[in-house]
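Have the structure open while you read.

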Amino acid sequence: VGFLLTPLACQLSLDLLPTRAFARRPFLWLELISRNRGTLSYSPSFGYDLCTRRAETLSFDGLDLSSWRAAGIGGDMIRPQTLHAFAAQFAPTGFPASAFVASYGMAEAVLALTMAPLDEGLKSEVVDTTLLEQENRVASPRAEGRAREFALCGRPLPGYTVEVRTPSGALVGPGQVGRIYAHGPSLMKAYYERPAETAEVLSADGWLDTGDLGYWAGDQLVITGRAKDLIIINGRNIWPQDLEWSAEAEIASLRAGDVAVFSVDEGEQETVVALVQCRNRDEAVRAALRDEVAKNLRQRHGLEVSVVLVPPHALPQTSS
C-alpha cells in the first residue's frame, strides 16, 4: 500500500529490493538510496538495527544518505535506542536525524492511522516502568527507578479519529494507558468470511478495536504494546517486548529477534517463558546462555523466567 500502490498512483520512481536480499546484504538498501538519491523509505526498527550492526565491520566510504528526506519507521514496535544508534553511526554519510518519521497503523486500517510531523525527527519520552506496570499510569521516572523510552507516533491522519479508552469504554484521563480505538475512511469492512471475529473488533458504528494499548503525549499517540501480549504477574502489567529487548541489547551473543517472551497459565499460577535462539551446540555454552538470560531478566525486571533454548530459525517471523 505505502510503497507499491501509492507510487503507482502518484507516478513516483521506485526502487524495489527483495526482503531476502536485504536480510543477506542490508547495505544494498542504503546503497540504493545513495546511488539513486532516494528521498522516502520505510523500515521496521530491525532494519535500522541490522545496518548499524553491519556498519561495525564494513566500510561505508562513498555512501551519501543526505537525500533521505523521510526515514519512516513502522511495522513493529519502535525501538528508540536502535534509531539513536543508527543516526549516530551514519551521521558521517550525511544522514539527517531529523528525517525519522514514526508512525502507527495496521492492516485493518489499510495501513496508516497516525504519523509524526515531517522534519522533526524521532520524539520520545521516558516513563517510570513501575508505575506503568502497576497502575497503568505515565509519569517521569523516579531516581534509581526503572524506566522505559517510548516513541511518539504522531497525530491522526486527516479524516481519522483515534481514541484511548478504559475497559468500561470511557475516554482515558491524562497520563493514563488504555485500549486504542480508531475510526476513519479506510477501515476494513470485515475479516473475509469470519463474521464472529469481525464482530469482536468492529462495532456497528464503525469503530475498530485495534487490540493495542497506548496513551496520549500531548496530541501525539504513544503505543505501549499489544493487549493480548500483556503478561500479568502479581498485579504487574509486564510488556514482553521489555524483557526481549533487555536480553537482546545486553547479551552479546543475541541478535534482534532472538528472544520471544510469553506467559503460560498453569492453573494456580502463570509462568513466564523466554524462548531463546541458540546457535551453539556446546552444552557448557548453552547452559551459560540460559543462566545469563535468566539473571538479566531477574535483575532488570525482578522476574523469574524459564529460559528455553531453541534452534536457529525456530521462532516464526512476520514479513516485517
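Predicted model: local features only at pLDDT ≥ 70, side-chain atom pairs only at ≥ 80, totals over all residues.

## Two helices crossing

Let's start with helix H3 (residues 27-36) and helix H4 (residues 45-55), which pack with their axes 9 Å apart and at an angle of about 95°. Angles of 65 to 115 degrees count as roughly perpendicular, so that's the label for H3 and H4.

On the H3 side, the contact involves Phe27, Trp29 and Leu30; H4 brings Gly47, Tyr48, Cys51, Arg54 and Ala55. Sorted by type, the residues of this contact come out as 6 nonpolar, 1 polar and 1 charged.

The structure has 18 aromatic pairs. One of them joins tryptophan 29 and tryptophan 68 edge-to-face, at 5.3 Å centre to centre with 80° between the planes. Tryptophan 29 belongs to helix H3, while tryptophan 68 is in the loop between H4 and strand S2 (70-73), so to speak a link between distant parts of the chain, 39 residues apart.

Phenylalanine 95 is buried, as is tryptophan 68. Ring pairs also connect a cluster, including Phe22, Phe46, Trp68, Phe95 and Phe100.

## An arginine and its rings

Now for arginine 165. Its charged end sits over the ring of tryptophan 207, 4.8 Å from the centre. Arginine 165 also lies over the face of tyrosine 181, at 4.1 Å from the ring centre.

Conventions. Residues numbered from 1 in each chain as written. Heavy atoms only, no water. Axes fitted to C-alpha atoms, helices over the stretch in contact; angles between N-to-C directions. Helix = DSSP H or I, 4+ residues; strand = E, 2+ residues; numbered from the N terminus. Parallel < 35°, antiparallel > 145°, perpendicular 65-115°, else oblique. Contact = heavy atoms within 4.5 Å. Nonpolar A, V, L, I, M, F, W, Y, C, P; charged D, E, K, R; others polar. Phe/Tyr/Trp six-rings, centres within 6.5 Å; stacked < 30°, edge-to-face > 60°. Buried < 20%, exposed > 50% of the residue type's maximum accessible area, 1.4 Å probe, protein only. Lys NZ or Arg CZ within 6 Å of the ring centre and 35° of its normal.
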